[in-house]
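Please keep the sequence and the model in view while reading.

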Amino acid sequence: MQTRRIAIVAGTLLIALILVPLGALAQTELVVWHAYRGGEKTAFEKAVAEYNKAKGGSIKVSTLAVPYDAYADKITAAVPRGKGPDIFIYAQDRLGGWIEAGNTIEPLDFFLEDEITSRFLPTTMEAMTYQDTVYGLPLNYKVITQIYNKKLVSSPPKTSGELVANAQKMTDATVGKFGLAYAYNDFYYHAALMNAFGGGVFGADGKPTMNSAANVKALEYLMMWADETKILPAEPSTALITSLFNEGKAGIVFSGPWFLGEIAAGVDFGLAPLPTIDEAGSPMRPWMTVEGVYIAAPSQHKDEAYDFAKFLTDKPAGVIMAIEGRQTPANTAVYDDAKVAADPILQAFRKQVEVAIPMPNKAEMTMVWSPATTAMNIIIKKNATPKAAMEEAQKEVVQRIAALRK
Amino acid sequence: MNLEAVKPSRLAIGLSLALLFAVGFGLWLQARSRAGLSAMVAERSAIVSLNALTEIVERVGLESDSLQGAVARYVELHEGVASARVIRFQGIRMMASTAPEDTGEQAAPRKMAREEKPLYDLGQSLRAAVETNVQEGRAFKTEIDLQKLPAGGVALAGPVAEGDKIVGAVLIEAIPSAYQVGGTSWLQALLVLVVPILLLFALVKVAGDRPLVLLLLAALLLLIAVFLHGILGLEALHEERMAAEAHISQELTLTSRGLATILAQEGLTASPPLEPADWDVDRFRRPLGLVTESAVDEQAVAVREAGERRSYINLMIPVTVAALVLLGFVGLGAAGRTGAALSRHRVAYFYVMPAMVAMILLVFFPFSYGILLSFTNSNVYNTDQPLGDIWIGVENFVDILTDFELVKTTEDGRVFNYQNFYWTLGFTIIWTVTNVAVGVTVGLFLALILNTKGLVLKPIYRVLLILPWAIPNYITALIWQGMFHSQFGVINQVIQMFGGQGLSWFDSPFTAFITVLSTNGWLSFPFMMVISLGALQSIPGDLYEAARVDGATRWQQFRTITLPSLKPALVPAVIISVIWTFNQFNVIYLVSGGEPGGSTEILITEAYKIAFEQYRYGYAAAYSVVIFIILLTYGIWQNRVTGASEGV
Amino acid sequence: MKRSKITDEPEHLPLHVFLVIFTLLAIYPVLWVFTIAFSGGQSLAIADLPSDPTFLDRLRAILPWPEQVSLSNFKSVMTDQPFARWILNSAVVAAATTVLGVFLATTAGYAFSRFRFPGQRAGLMSFLVSQMFPGTLMLIPLYIIIVGWLGLGSTWIGLILVYATTAIPFCVWMLKGYFDTIPLELEESARIDGATPIQIFIRIILPLAKPAVAVTALFSFMTGWNEFILAATFMDEEVMYTAPVGLRFFVGGFSQQWGYFAAGSIIVSIPVVLLFLFLQKYLVSGLTAGAVKG
């Protein structure tokens with residue numbers, strides 16, 4: 001009898017001993033890489049903490065912030081070799097390259113339910129789609145918009161006519177004052193004008209269209225601003241634009257959410273959508289970059305990772321990132337939240353994104369930047385006409401793509 | 001050449017080693033070709049099966065109720081196929097399956113299960129591949145996926161079309177092919193190895209004590225042996241190849257007969273008629289055109305074989321040369337001398353070894369990988385392929401070095417092409433020479449001043465002057481860039497303070513060059529100063545005493561004592577800084593960014609752009625190799641002039 | 001011996017004048033770094049000019065001095081992130097790089113200077129050659145070796161190994177050159193006195209080569225201290241990052257916090273300056289006439 005009892009006790013203990021470590025083992029650890037910093041990082045980590053709490057220990061997500069300048073290389077080196085994270089967050093511009101390189105990003109079509117895809121702004125989903133396959137859930141988007149100094153600009157211009165008229169009044173280049181300042185020599189910023197004229201870098205068939213009539217027209221239009229009406233400063237580096245705006249020497253700036261953190265304390269500013277270009281009959285349509293949540297192809301915990309990605313792109317996490325991280329989530333429901341709805345800055349970006357166009361996510365996109373930058377520079381320096389410069393850029397891009405896809 | 005050392009015994013050893021090496025390599029190549037042949041048969045039979053099944057699926061229809069039955073009968077009829085599955089993208093559905101677990105509850109048609117996600121993703125990637133190929137109008141991505149199964153055999157997947165849309169995929173698992181390819185002829189190899197050595201001994205008897213003749217004879221024997229072995233091997237391979245093609249032709253016949261039966265059972269007329277020859281395709285689904293149902297196209301096969309033969313010969317030539325070198329090395333007694341030298345100088349090697357091991361692992365290994373890469377077309381689309389498959393020889397180098405387009409014609413007329421390789425090279429050289437000259441002159445000058453005896457505050461000056469080196473150059477480079485801003489930069493402000501006209505520094509190649517030169521000169525003089533300070537300490541003070549006694553002026557002292565004494569420490573520093581400046585990436589990238597129009601780009605920033613903006617890794621590696629060769633030439637020349645690598 | 005200062009030594013005053021002017025010019029950009037760091041703001045320096053600037057306005061604009069002095073950037077850098085920890089990591093890595101690099105380089109440099117052996121020239125050349133291949137394409141092969149094969153991801157050792165090998169070629173060449181200037185007679189006499197080769201190396205050669213060892217030490221330290229991309233790629237835990245990685249968090253991407261970056265840069269250069277201060281005395285204490293005469 002005694003021995004039997006001992007046996008039972010011992011048996012129970014044994015089972016308990018086995019079960020305890022099993023319980024501990026059942027926790028899934030997920031690693032997330034991102035390049036957020038400052039307030040964005042704090043908010044992101046808070047959202048992750050919420051998830052960990054909600055999972056009650058069954059899943060534990062840990063984060064690693066990587067400096068932006070090393071981030072893409074780190075992913076390229078680590079992920080395909082199975083040494084990377086389970087999830088990483090990156091803008092769509094490298095998506096095509098990583099998909100072509102293989103074993104980096106897991107396709108999500110298999111997982112996607114309609115209720116998930118309908119959460120997001122359709123254009124942000126488009127940014128996550130490569131060759132008709134969805135590879136990520138859109139987290140936040142970034143677009144440039146109109147930022148104006150309320151002291152200098154009473155009501156933000158709605159059309160290009162108003163913009164030029166007002167800006168000319170304010171501009172006095174001899175004392176370094178300008179009606180409008182933005183990095184117009186940067187192709188990314190210029191894209192807003194380009195898209196307004198219906199231009200673009202790739203046609204529907206995926207072939208480059210740098211020299212399209214619309215692109216040339218947009219550049220001629222830019223040259224009218226820079227050269228004829230002279231409302232823009234020369235050599236517009238980001239540092240210059242920041243300092244002009246902060247010193248009250250630029251009434252209007254076209255820039256994105258990152259610019260808001262650089263505005264000096266005393267400056268009273270407002271946001272408004274980019275103006276409509278009368279000559280194009282369309283609003284300026286900036287390029288949109290979308291930070292996607294991607295599941296690493298070699299991850300061992302893809303289901304959990306997808307669960308986490310869903311949480312991160314859901315409304316509660318979105319509200320945290322919008323209010324505390326000052327980000328603009330791709331989930332449309334976030335903007336219905338009372339606090340977000342009352343936030344003029346977030347609403348301004350939400351409004352601007354309606355006309356934004358996702359920046360191409362093709363691998364070939366990286367081949368566009370350098371020829372485009374060269375073209376922009378020689379056009380602005382008036383060393384070439386827009387037409388000639390874009391013909392040259394087109395030749396260059398076509399040649400580079402041909403060399404790559406040999 | 002030391003012909004005294006040639007002895008018959010040494011020659012025999014040398015010849016046998018050389019034979020072992022060359023013939024061994026040839027054997028390995030031939031064995032590899034045999035393995036390749038048997039893999040080819042397995043792959044092509046499997047692809048034929050896959051395409052035949054795809055034919056059924058497309059004819060029966062993905063939605064048809066009888067699809068499962070047709071697929072099952074197909075698998076029954078085809079011994080080579082272990083199982084087959086058909087998926088439809090829309091609704092993520094498994095439309096038919098003969099996998100053993102897919103019965104009862106699991107039976108198709110049904111929604112695909114979570115474990116089947118890889119199959120679905122694979123199908124989608126094939127669809128994307130087909131669409132890409134159609135768009136590009138050429139075979140760019142493989143349309144048939146092939147994986148080796150761990151248990152032997154292969155798994156294949158191919159797209160299913162409906163009209164001109166890809167709507168699903170067919171996946172099969174094929175059992176290991178029973179087809180046998182002949183083995184290596186060991187007897188032949190043995191003969192090729194032994195006979196030349198026996199002949200050599202016989203010839204020693206005849207030729208006697210004439211070392212040069214013997215050496216040449218040994219070389220001749222080696223060549224004959226390698227040649228014969230190659231000829232015989234290739235002939236045998238040809239026989240095997242023809243048999244293999246015949247086998248595949250037979251497979252086509254059997255498969256098409258089976259297919260006709262199934263289609264008849266389904267009540268489908270075979271219209272349009274089956275084209276079995278079109279099932280024998282490569283991974284891009286391009287018909288190979290080697291066999292038909294009834295015959296082997298010998299001419300087409302011969303064309304393919306010629307290519308394979310060429311690559312065999314291309315590989316054997318360097319190997320044979322290496323074998324000849326080996327023969328000479330051993331035959332002339334160099335091997336023995338090397339061994340002796342190793343043991344005689346073991347102390348020196350012991351001292352060098354630790355540094356060398358670290359270098360080999362972490363520098364020379366990646367470095368050789370880079371060189372290999374430079375001969376390939378490696379880019380973002382093919383990183384998963386072995387280097388051998390994307391080997392393009394010296395094409396990259398030819399592309400780089402034959403870029404003579406110094407002037408290009410645009411709509412605005414003819415303009416200078418700053419993106420030309422030779423401009424970039426010229427600019428890089430000017431950049432390097434001026435920078436090192438500035439760095440060394442300023443650094444040495446400051447060191448000389450700071451070496452003045454009794455000068456007060458020296459430590460303060462020294463510390464302040466190394467600050468440009470100590471502060472991370474990422475920020476200081478950008479501050480320099482800001483200083484050159486045309487409207488708000490400090491430099492133009494100073495010019496305007498004195499009534500001058502500011503410049504647009506980044507608008508012309510020359511002024512842009514001034515900006516990067518000043519930045520880099522500023523960044524690099526502290527290093528040269530520190531080196532020179534250290535080097536100045538090696539000059540014994542009494543040399544100057546003696547010179548003073550002789551009444552030498554300070555300039556004479558500098559020329560006759562200081563400079564020569566600085567040489568041993570300064571020359572390496574100069575050589576190294578030439579190399580660094582040549583590859584100085586940050587300053588150009590951050591300050592001028594290559595503007596205007598790429599005129600201030602240097603070779604390394606160009607290589608970086610090719611690799612990271614254009615995703616062409618092979619081409620970028622070739623660029624790096626070109627940089628390397630230029631620097632190597634410089635290093636060897638400099639060494640010859642200064643004798644810097646000589647021991648004391 | 002009595003020396004006539006008038007003829008042999010240059011006049012000191014002109015030298016001071018020159019040095020002061022040159023030093024001011026040389027540290028001018030550095031002063032801007034200080035200005036940005038102490039400004040409390042985040043923007044890169046841009047001259048702020050009133051309308052129709054006068055000479056004095058322009059002068060004020062180019063003088064690097066913040067409008068208000070604030071320590072807030074320094075405070076934020078040290079408290080918002082585990083920056084102190086990252087500096088500590090950097091210090092450990094750079095110090096170990098220095099020790100390892102100098103050790104490997106002194107032995108190799110000595111052999112190349114003192115022994116004649118087959119492969120000597122080739123060996124020395126091969127060190128140089130290793131610097132000739134551009135490093136931009138090395139990241140992935142190095143990643144495969146360090147993280148994939150050696151399993152040294154997220155460790156100090158991995159970084160130390162890479163940095164030391166990066167520093168070795170220059171150190172070997174520098175030391176070899178310097179060893180060449182040390183007279184052979186010194187060793188001969190020691191050998192006659194019965195010293196072993198190792199003793200000669202440690203007791204005679206190394207002390208005499210102090211200036212060169214100091215230079216190589218400083219150089220090795222800098223190699224490990226400022227490197228960013230490998231450290232960011234190899235380290236998978238935030239606590240293992242080095243200071244340059246931490247610094248780069250402030251720039252890159254869309255927004256740049258130059259105030260933080262400048263403050264961090266200053267903090268990061270303090271150890272380098274301290275090390276230089278410490279090494280200075282070796283840098284200027286080389287061979288003396290007495291030592292040569294032995």
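Why is helix α3 (residues 68-78) of chain A largely enclosed by the rest of the structure? Eight of its eleven residues are buried, so the helix is largely enclosed, where buried means under 20% relative accessible area, exposed means over 50% and partly exposed lies in between, with a 1.4 Å probe and protein chains only. The buried residues of α3(A) are Ala70(A), Tyr71(A), Ala72(A), Asp73(A), Lys74(A), Ile75(A), Ala77(A) and Ala78(A). Helices here are DSSP runs (H or I, at least four residues), and strands are runs of E of at least two, numbered from the N terminus.

This is a predicted model, in which local features need pLDDT of at least 70 and side-chain atom pairs count only at pLDDT 80 or more, while totals for chains, interfaces and linings use all residues. Residues are numbered from 1 along each chain as its sequence is written, chains are lettered from A and ligands numbered from 1 in the order in which they are written, and side-chain values use heavy atoms, with hydrogens and water left out.

Tyr71(A) also belongs to one aromatic cluster with Tyr68(A), Phe88(A), Tyr90(A), Trp98(A) and Tyr294(A). Rings of Phe, Tyr and Trp (its six-membered ring) pair if their centres lie within 6.5 Å, and planes under 30 degrees apart count as stacked, over 60 as edge-to-face and the rest as tilted.

| Pair | Centre to centre | Angle between planes | Class |
|---|---|---|---|
| Phe375(B) and Phe397(B) | 5.4 Å | 50° | tilted |
| Phe34(C) and Phe38(C) | 6.3 Å | 15° | stacked |

The chain B pair links distant parts of the chain, with Phe375(B) in the loop between α8 (346-374) and α9 (395-401) and Phe397(B) in helix α9, 22 residues apart. Phe375(B) is partly exposed at 24% relative accessibility, whereas Phe397(B) is buried at 12%. Phe34(C) and Phe38(C), by contrast, both lie in helix α2 (residues 12-39) of chain C, four residues apart, about one turn of the helix.

Turning to helix packing, the axes of helix α9 (residues 213-228) and helix α17 (residues 386-404) of chain A come within 9 Å and cross at roughly 135°. That angle makes α9(A) oblique to α17(A), since angles under 35 degrees count as roughly parallel, over 145 as roughly antiparallel, 65 to 115 as roughly perpendicular and the rest as oblique. Axes are lines fitted to C-alpha atoms, for helices over the stretch in contact, with angles running from 0 to 180 degrees between N-to-C directions.
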